[in-house]
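Please find below a short note on the structure under review.

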Amino acid sequence: MTDLGSWQTRSIVATMFPLLVVLSVLEMGSGFVLESLEETYLDNPTLLVLVPVMIGMGGNLGAIFSARLSTRLHLGTLSFDLRDEALWANVAAVLLLAATVFSALGVAAWAVGRTVAEPMPLAELFVISVVSGLLLAALAVVISVAATYVSYRRGLDPDDTTIPVVTNVCDILGVVVLSLVATAVL
Amino acid sequence: MDVGEEVRRVYRESIGVLSVSLLGGLFAGGVLGSEPMRAAFRQYPGLLLLLPAFLATRGNVYGAFGARLSSGLHQGLIEPELAYDERLANAVVASFLNGIGVSVLIGALSWGVLRALGRESARLVELVGITLVAGLLTSVVLVVGLLLLVFGSYESGMDPDNLVGPIVTTLGDVFGVVFLYVAVVVVGVVL
């Protein structure tokens with residue numbers, strides 16, 4: 001008989017399912033924003049093209065940034081000092097990554113949008129994509145630093161706490177940020 | 001330290017993965033924006049409400065499964081073979097239970113939220129039917145896809161830890177949205 005430890009079905013489900021329930025409830029907030037702006041999204045289908053990337057990309061950026069913070073915390077080289085150059089290098093890299101990805105998204109979503117519906121003006125879509133993307137990246141940075149600081153103060157391993165929290169919070173905020181920016185621009 | 005060099009290094013290490021995830025998301029977005037999908041959003045109030053939860057939980061359930069496969073291989077607890085193994089079978093069953101269970105929950109939550117707010121909603125059986133069918137199909141593709149890709153990459157000497165995240169986001173977005181549409185069609189025919 002093999003020692004199954006954490007490889008038992010019951011233990012995997014018992015650990016994971018309660019988290020999934022909480023997460024689904026929180027994600028309903030994000031869905032509520034989408035549903036409330038249903039007419040805006042359905043009248044401008046090109047905006048819908050942005051939605052999956054907005055849901056996932058914030059979490060991706062947050063995961064990249066907090067994994068780096070977490071590694072430096074483990075190595076003992078992390079300081080929560082505003083003069084820390086490595087911290088700013090990571091912030092700059094995340095913002096550059098966001099600028100690249102969301103510029104590409106603005107143009108590509110316009111091209112995809114043309115194939116599925118009457119297109120939205122490229123300039124509007126580009127501004128919506130880049131402004132939401134940069135705001136989301138800035139939020140990802142702030143949330144990652146805050147979450148890493150809290151786990152550090154409480155002696156928790158940020159690999160287990162920060163990354164899932166940051167990823168999910170950024171995923172939830174993606175649609176909210178997109179909706180706010182789109183409402184402001186349109 | 002040279003800040004510019006550090007910025008370039010972080011950028012180079014991440015841009016490839018983010019681009020793959022961008023492509024998957026764009027494809028999914030194209031499906032969401034298409035005329036048949038928009039018609040489905042109009043026909044089933046609540047479908048748009050459950051969309052973020054449905055897409056985001058894919059990442060959590062199958063990201064955890066992929067990470068488990070990867071650390072199991074590194075620790076020598078499982079072998080990179082598609083043969084029966086008790087640990088592997090348990091992990092697969094647990095992922096199905098988590099993935100399908102949470103999908104059904106999301107369908108019901110969406111109905112409950114609209115009801116509680118006194119808004120128009122599709123019938124409970126329709127929303128749960130859609131998330132059940134979509135959750136079931138996505139689970140099969142993601143579990144099989146992760147087994148093949150994680151085992152394949154491990155055997156060819158790559159570290160699956162670096163691949164699980166992008167694989168899950170990309171497959172999850174693409175198949176999540178496609179199967180959501182398939183589920184709408186199935187529910188439309190059956191119910």
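This is a predicted model: local features need pLDDT of at least 70, side-chain atom pairs count only at pLDDT 80 or more; totals for chains, interfaces and linings use all residues.

1. Helix H3 of chain B covers residues 47–74, a run of 28 residues. From its first C-alpha to its last, H3(B) reaches 40 Å, close to the 40 Å expected at 1.5 Å a residue. H3(B) is mostly covered, with 25 of its 28 residues buried. Just after H3(B) comes B:Gly76, whose phi is positive, at about 75 degrees.

2. The contact between the chains draws 59 residues from chain A and 54 residues from chain B. On the side of chain B that touches chain A, the elements giving two or more residues are H1 (3–33), H2 (35–43), H3, H4 (86–116) and H6 (161–190) of chain B. H1(B) gives the most, with 17 residues. By class, this side of chain B has 32 nonpolar, 15 polar and 7 charged residues.

3. Within chain A, helix H1 (residues 9–36) packs with helix H6 (residues 158–185) at an angle of about 10 degrees, and their axes are 8 Å apart. Angles under 35 degrees count as roughly parallel, and H1(A) and H6(A) are therefore roughly parallel to each other.

4. H1(A) makes its contact with H6(A) through A:Leu23, A:Leu26, A:Glu27, A:Gly29, A:Ser30, A:Val33 and A:Leu34. The residues from H6(A) are A:Asn168, A:Ile172, A:Val175, A:Val176 and A:Ser179. By class, the contact of H1(A) with H6(A) has 7 nonpolar, 4 polar and 1 charged residues.

Definitions and conventions. Residues are numbered from 1 along each chain as its sequence is written. Chains are lettered from A and ligands numbered from 1 in the order in which they are written. Helices (H or I, at least four residues) and strands (E, at least two) are DSSP runs, numbered from the N terminus. The expected span of a helix is 1.5 Å times one less than its number of residues. A residue is buried if 20 or more other C-beta atoms lie within 10 Å of its own, exposed if 12 or fewer, and partly exposed in between; C-beta atoms are placed from the backbone. Two residues are in contact if their C-beta atoms, placed from the backbone, lie within 7 Å. Ala, Val, Leu, Ile, Met, Phe, Trp, Tyr, Cys and Pro count as nonpolar, Asp, Glu, Lys and Arg as charged, and the others, Gly among them, as polar. Axes are lines fitted to C-alpha atoms, for helices over the stretch in contact, and angles run from 0 to 180 degrees between N-to-C directions. Angles under 35 degrees count as roughly parallel, over 145 as roughly antiparallel, 65 to 115 as roughly perpendicular and the rest as oblique.
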